Amino acid sequence: MTSPTEATAGGKPALVEARGVGKFYGNVPALTDVSTAVRAGRVTCVLGDNGAGKSTLIKILSGVHRHDRGELLVDGAAVSFSGPREALDAGIATVHQDLAMVPLMPIWRNFFLGSELSRGRGPLRRLDVAAMRATTRAELLRMGIDLRDVDQPVGTLSGGERQSVAIARAVHLGARVLILDEPTAALGVRQAGVVLRYVARARELGLGVVFITHNPHHAYPVGDRFLLLSRGRSLGEYGREEIDRAELTRLMAGGSELDELAHELDRG
Ligand SMILES: Nc1ncnc2c1ncn2[C@@H]1O[C@H](COP(=O)(O)OP(=O)(O)OP(=O)(O)O)[C@@H](O)[C@H]1O
Ligand SMILES: [Mg+2]
């Protein structure tokens with residue numbers, strides 16, 4: 001389990017740290033006393049069943065919700081984000097499951113959505129399409145993504161490829177922390193593999209990654225740390241060396257509950 005020194009391992013404060021954070025929706029405690037630290041070049045997987053509080057935790061880290069208990073620290077200093085823009089300015093980028101891309105627009109257009117490049121001044125100012133195309137291609141290649149044509153509409157990409165473009169975009173926009181909310185949930189085995197490869201690539205580039213998933217088989221190959229949530233509480237955070245895949249799966253599934261279910265559904 002995470003020791004108090006984990007947050008400052010290597011002498012450097014974590015990129016982002018939650019200390020005993022809690023969040024209520026009205027009277028309902030969605031998250032109670034959860035702590036974790038995100039470090040450069042490390043992937044923290046957040047696992048838990050439906051309603052465990054995974055999205056609530058990442059919404060706090062990404063400035064969508066404000067925590068009402070505990071502390072949030074960026075580079076060791078306490079912060080209270082008043083919106084996602086502030087988190088983004090602090091280098092915390094979130095790729096949401098519903099991606100917010102425009103399917104009919106080309107890949108390069110989506111890549112620069114909201115941060116378009118232009119050239120010229122005054123009335124001569126126009127979009128620098130050539131630069132945006134070239135940069136998109138180069139940034140995708142840097143992540144190891146080789147798409148045939150950056151002019152093709154995003155709608156023609158597979159789910160895995162779309163996730164990959166969103167990850168490359170966050171890296172390009174200067175993210176230090178990349179938060180991915182269930183990027184592999186709707187994907188088949190091969191497409192999930194594609195996304196996991198880019199998660200590993202982001203880590204190699206030195207980003208701190210928070211990867212939310214239901215699936216221990218997606219978490220285990222890329223994770224350095226595993227934070228398990230259940231009903232808004234932490235079941236503990238484990239380092240890779242402290243837990244194996246079978247134990248992770250058992251903790252995730254709520255062990256005995258699954259056994260009971262298997263027994264109940266047993267058709268003899
Ligand atoms: N906006 C909201 N208003 C009220 N309750 C909420 C709200 N968002 C989440 N909750 C409740 O908070 C708890 C945690 O929800 P959360 O979305 O964080 O879970 P999750 O682990 O992301 O689940 P899932 O795997 O289904 O995405 C749940 O009981 C949920 O019903
Ligand atoms: Mg969720």
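Predicted model: local features only at pLDDT ≥ 70, side-chain atom pairs only at ≥ 80, totals over all residues.
Me: What does the C-alpha trace span along its principal axes?
Reply: About 65 × 50 × 40 Å.

Me: How many helices and strands?
Reply: Nine helices and 12 strands.

Me: And what share of the residues is buried?
Reply: Buried residues come to 39% of the 268.

Me: How much of the contacts comes from residues 24 or more positions apart?
Reply: Such pairs account for 69% of the contacts with a separation of 6 or more.

Me: Sheets next. What is the strand order in the open sheet of six strands?
Reply: The order is β6-β9-β10-β3-β11-β12, and the pairing is mixed. β6 (92–95) and β12 (233–239) are the edge strands, each pairing on one side only. From one strand to the next the twist averages 15 degrees.

Me: Which way do β9 and β10 run, parallel or antiparallel?
Reply: Parallel: five bridges join β9 (residues 177–181) to β10 (residues 208–213). L178 has V209 as its bridge partner in β10, and D181 stands opposite I212 in β10.

Me: What about β3 and β10, how many bridges there?
Reply: Five, and that pair is in the parallel sense as well. C45 stands opposite F211 of β10.

Me: How many of the residues in β10 are buried?
Reply: Six of its six residues. G208, V210 and I212 are buried on one side, and V209, F211 and T213 are buried on the other, which leaves both faces of β10 covered.

Me: Which strands does α6 lie across?
Reply: Helix α6 (residues 189–204) lies across β3 (43–48), β9 and β10, and runs at about 155 degrees to β10.

Me: Now the open sheet of four strands. What is its order?
Reply: β2-β1-β4-β5, with antiparallel pairing. β2 (28–38) and β5 (77–79) are at the edges with a single partner strand each, so one side of each has no neighbour in the sheet. Neighbouring strands here are turned by 35 degrees against each other on average, direction ignored.

Me: How many bridges join β4 to β5?
Reply: Three, between β5 and β4 (residues 69–74), which run antiparallel. L73 stands opposite A78 in β5.

Me: Which strands does α1 lie across?
Reply: Helix α1 (residues 54–61) lies across β1 (16–25), β2 and β4. Its direction is at about 120 degrees to β1.

Me: Changing topic: which residues surround ligand 1?
Reply: Y25, V28, A30, G48, N50, G51, A52, G53, K54, S55 and T56. The elements giving two or more residues to that shell are β2 and α1.

Me: Which element gives the most?
Reply: α1, with three residues.

Methods:
Residues numbered from 1 in each chain as written. Chains lettered and ligands numbered in written order. Pairing = 2+ DSSP bridges. Axes fitted to C-alpha atoms, helices over the stretch in contact; angles between N-to-C directions. Contact = placed C-beta atoms within 7 Å. Near = placed C-beta within 6 Å. Buried ≥ 20, exposed ≤ 12 C-beta atoms within 10 Å, placed from the backbone.
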